[in-house]
Amino acid sequence: MDVPIDGVPALPAFFLASLLFLAGTCPALPDHPRPHVRPASPAGGVGSGPGQINSNSILVALLDSHYTELAELVEKALLLQTLEETVGRHNITIFAPKNEALERDLDPEFKRFLLEPRNLKSLQSLLMFHIVPSRIDSADWPEPAPSAAGHREELSLSSHRLRLAKRESGEREVDRARVIHADAVARPDGVIHGIERLLIPQSVQDDFNRRRSLRSITAVKPEGAPEVDPRTHRLKKPAPPTKAGSAPALPIYDAMAPGPSLAPAPAPGPGGPHHHFDGEAQVKDFIHTLLHYGGYNEMADILVNLTSLASEMGRLVSEGYVLTVLAPNDEAMAKLTTDQLSEPGAPEQIMYYHLIPEYQTEESMYNAVRRFGKVKYDTLRLPHKMVAQEADGSVKFGQGEGSAYLFDPDIYTDGRISVQGIDGVLFPPEEETEVKVEKKTPTKVAAKPRRGKLLELTCQMLTAFGQHSRFNSCR
């Protein structure tokens with residue numbers, strides 16, 4: 001026991017009391033942003049003003065509940081201050097989706113859309129769609145009825161209407177989502193109901209569709225565009241559904257037809273996470289690969305800057321087609337003359353001849369020429385074909401002096417686009433022009449009939465007497 005001596009205070013007791021005082025007055029630092037909480041009043045009511053709520057608030061209960069995915073989205077959407085002011089004025093009702101609805105059941109593309117910083121308003125609107133600025137307990141649901149009186153509409157914080165209904169089996173619904181845990185959390189200033197799925201307002205769905213890309217067109221599988229029969233000019237019957245990854249129904253030459261068309265553009269082909277391919281990203285990827293690989297800068301420059309082939313290739317791959325690119329290296333491209341590139345459409349025609357509408361690798365092409373000797377591949381430059389044959393243990397394209405060898409095999413292969421490096425620029429064989437030689441038709445001269453010796457002697461005797469003109473045979 002510490003006893004004061006001659007007016008000197010007991011130092012250990014004094015320090016202990018100071019530490020206890022500081023520990024009781026200094027609050028602990030929170031790990032993450034939380035609402036401004038004050039101690040609960042004896043009546044357990046709401047705080048005196050906006051931004052001041054007690055520890056028994058429904059907002060604190062939401063952050064501490066097992067609805068962790070929803071609570072995390074509320075914090076990421078920067079809605080804590082707004083909800084504090086709302087709870088400070090009146091009771092609220094929160095319809096909280098279960099964690100599985102946000103973790104596994106929600107479309108990954110849509111979730112990525114919500115978490116992008118530029119889509120903060122859409123995320124806020126989506127979350128406030130789950131909150132009603134009034135208290136709705138489980139007993140407040142309307143009773144089932146065959147008429148429209150069997151449901152009730154409430155205005156959410158996002159200014160969208162929520163439809164509350166009750167089935168004959170007793171199950172409660174909110175906007176056609178089943179309530180799986182009514183009155184999950186109840187507090188003096190609000191209540192939380194657990195629901196089976198996320199509620200998506202139409203405005204957020206429209207915003208998602210407007211910002212969609214080739215990779216995330218929509219959460220719904222797109223329908224095929226109608227096709228026009230060129231003979232009857234009528235719409236064809238819709239094609240049967242195709243499996244994911246199957247080839248497109250239209251030939252690639254119809255898909256790359258230039259100029260505007262009365263028929264709508266074909267829908268994206270099947271495949272990918274949403275039954276289509278991201279051709280634009282794949283084309284960008286293989287062009288970047290060419291640049292990083294080195295020695296193919298001229299080819300990449302022609303595809304991107306000199307022509308619009310990169311965009312067209314991306315569109316074709318997005319629609320389900322496959323391509324093999326025979327890419328001449330920079331040394332081969334440097335041999336092109338100005339006359340070969342200056343004519344309108346010349347760069348496009350040169351590149352079209354280097355695009356094969358098949359997916360070929362070094363192994364597949366080499367096996368083909370080893371087995372069949374010469375192989376002809378279709379190109380996007382109709383009607384010319386690419387001739388390939390085996391030469392010196394490699395694949396040789398073209399014929400004669402304008403041939404090229406497979407120089408850098410399999411520069412890029414992703415299952416949709418294959419890029420094979422060659423050491424020359426290929427040109428289709430010149431078409432032989434048929435020269436028509438006009439042949440003069442000789443005039444027919446009627447040959448005189450040959451007369452016999454007896455007739456010749458008779459004619460001579462008649463001529464002596466001046467009577468030969470009477471007989472045709474003597475004329």
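**Reading the features**

Mentor: Let's begin with accessibility: Asp183 is partly exposed, with a relative accessible area of 29%. Buried means under 20% relative accessible area, exposed over 50%, and partly exposed in between (1.4 Å probe, protein chains only). The model is predicted, so local features need pLDDT of at least 70 and side-chain atom pairs pLDDT 80 or more, while totals for chains, interfaces and linings use all residues. Residues are numbered from 1 along each chain as its sequence is written, and side-chain values use heavy atoms, leaving out hydrogens and water.

Trainee: Where is Asp183 placed, and what is its phi?

Mentor: Asp183 belongs to strand β8, and its phi is positive, about 50°, although the residue is not a glycine. Asp175 also has a positive phi, near 55°, and is a residue other than glycine. Asp175 sits in the loop between β7 (172–174) and β8, and is partly exposed at a relative accessible area of 25%.

Trainee: How many helices and strands does the protein chain have?

Mentor: The protein chain has 17 helices and 16 strands. Helices (H or I, at least four residues) and strands (E, at least two) are DSSP runs, numbered from the N terminus. Of the chain's 475 residues, 38% count as buried. Its accessible surface comes to about 29200 Å², with 54% belonging to carbon and sulfur atoms; such areas come from the Shrake-Rupley method with a 1.4 Å probe, and for residues only the protein chains shown count as cover.

Trainee: How many residues of strand β9 are buried?

Mentor: For β9 (residues 190–195), 6 of the 6 are buried, so the strand is largely enclosed by the rest of the structure. Gly190, Ile192 and Gly194 point one way, whereas Val191, His193 and Ile195 point the other way.

Trainee: Which strand runs parallel to β9, and which pairs with β9 in the antiparallel sense?

Mentor: Strands of a sheet pair through backbone hydrogen bonds, either parallel or antiparallel. Two strands count as paired if DSSP finds at least two bridges between them. Here, β3 (residues 92–97) runs parallel to β9, joined by 6 bridges, and Thr93 stands opposite Val191. Strand β8 (residues 177–187) pairs with β9 in the antiparallel sense over 5 bridges, with Ala186 as a bridge partner of Val191. β8 and β9 form a hairpin, with 2 residues between them.

Trainee: What order do the strands of the open sheet follow?

Mentor: The open sheet has 7 strands in the order β11-β10-β16-β15-β14-β13-β12, with mixed pairing. β11 (355–356) and β12 (374–378) stand at the edges with a single partner strand each, so one side of each has no neighbour in the sheet. Helix α16 (residues 362–372) packs on this sheet, touching β12, β13, β14, β15 (404–413) and β16 (417–422), and its direction makes about 130° with that of β12. Contact means heavy atoms within 4.5 Å, and axes are lines fitted to C-alpha atoms, for helices over the stretch in contact, with angles from 0 to 180 degrees between N-to-C directions. Strands β13 (residues 385–391) and β14 (residues 394–397) run antiparallel, joined by 4 bridges, and Glu390 stands opposite Val395 in β14.

Trainee: Which residues are joined by a cis peptide bond?

Mentor: Leu382 and Pro383 are, with omega about -5°. Pro383 lies in the loop between β12 and β13.

Trainee: Which residues of helix α6 are buried?

Mentor: In α6 (residues 108–115), the buried residues are Glu109, Phe110, Phe113 and Leu114. They cover an arc of only 140° around the axis, which puts them on the same side of α6; the arc is that of the directions from the helix axis to the C-beta atoms. Their cover includes α7 (120–128) and α8 (202–210).

Trainee: Which residues of α8 are buried?

Mentor: Val204, Asp207 and Phe208 are the buried residues of α8. They cover an arc of only 100° around the axis, which puts them on the same side of α8. These buried residues pack against α6 and α7, while Gln202 and Arg210 are exposed on the other side of α8.
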